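Here is a short tour of the charged side-chain pairs in a protein model. Have the coordinates open as you read along.

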Amino acid sequence: MRPVMRVGLGYDIHRLADGRPLVLGGIAIPHPKGLSGHSDADVVLHAVIDALLGAAGAGDIGQHFPDTDPAYRQISSLELLRRVRAIIEQRGCAIANIDTTILAEEPNLSAYKPAMAKQIETALGLPGGSVNVKAHTFEGVGLIGRGEAMAAYAVVLVQEVGR
Ligand code: MG
């Protein structure tokens, strides 16, 4: 029988604020500002989570981890990602690959991309090479270009393997 493949798309944006650690793809990155939000505001993992939930037909991040719930205050998004792994496995989905693009004016993220990919692979129990991380600036334009926010996109392909 032909394998059933499902695709998912994720997107997230958070504002930058003083006095917050910058965490992207589960990696702490030295920077004068960090992303503000209820959890650690890791836009990369939030985009990956929404892509995974989308591929599995399991709704979105806000449904599973509402930002009105004090249980998720300051929580590491790696923990949320691990919980999403369980959700999609329960739905009989195996991840084929994940691709993500970060939009951030600064700092330069080149040196951190392999570590981010590794963090995501580890949290999801995936072999090396399953996750690809890319980063772009916004050419000085708009909210992201002025360094007021960062955003991320993710796409994921999963295969239905049955439960
Ligand atoms: Mg978010």
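The notes below go through the salt bridges, pair by pair.

This is a predicted model, where local features need pLDDT of at least 70 and side-chain atom pairs count only at pLDDT 80 or more, while totals for chains, interfaces and linings use all residues. Residues are numbered from 1 along each chain as its sequence is written, and side-chain values use heavy atoms, leaving out hydrogens and water.

**Overall count**
- The whole structure holds 6 salt bridges, each defined as a side-chain nitrogen of Lys or Arg within 4 Å of a carboxyl oxygen of Asp or Glu.

**A link between strands**
- Arg6 and Glu160 form a salt bridge, with their closest N and O atoms 3.4 Å apart.
- Arg6 belongs to strand β1 (residues 5-18) and Glu160 to strand β7 (residues 149-160), so this pair ties together parts 154 residues apart in sequence.
- Strands (E, at least two residues) and helices (H or I, at least four) are DSSP runs, numbered from the N terminus.
- Arg6 is partly exposed at 29% relative accessible area, and Glu160 is partly exposed at 36%.
- Buried means under 20% relative accessible area, exposed over 50%, and partly exposed in between (1.4 Å probe, protein chains only).

**Within a helix**
- Arg85 meets Glu89 in a salt bridge of 3.0 Å, N to O.
- Both sit in helix α3 (residues 77-90), 4 residues apart, or about one helical turn.
- Arg85 is partly exposed at 29%, as is Glu89 at 43%.

- Arg146 and Glu148 are joined by a salt bridge (2.8 Å, N to O).
- Arg146 is exposed at 55%, whereas Glu148 is partly exposed at 31%.
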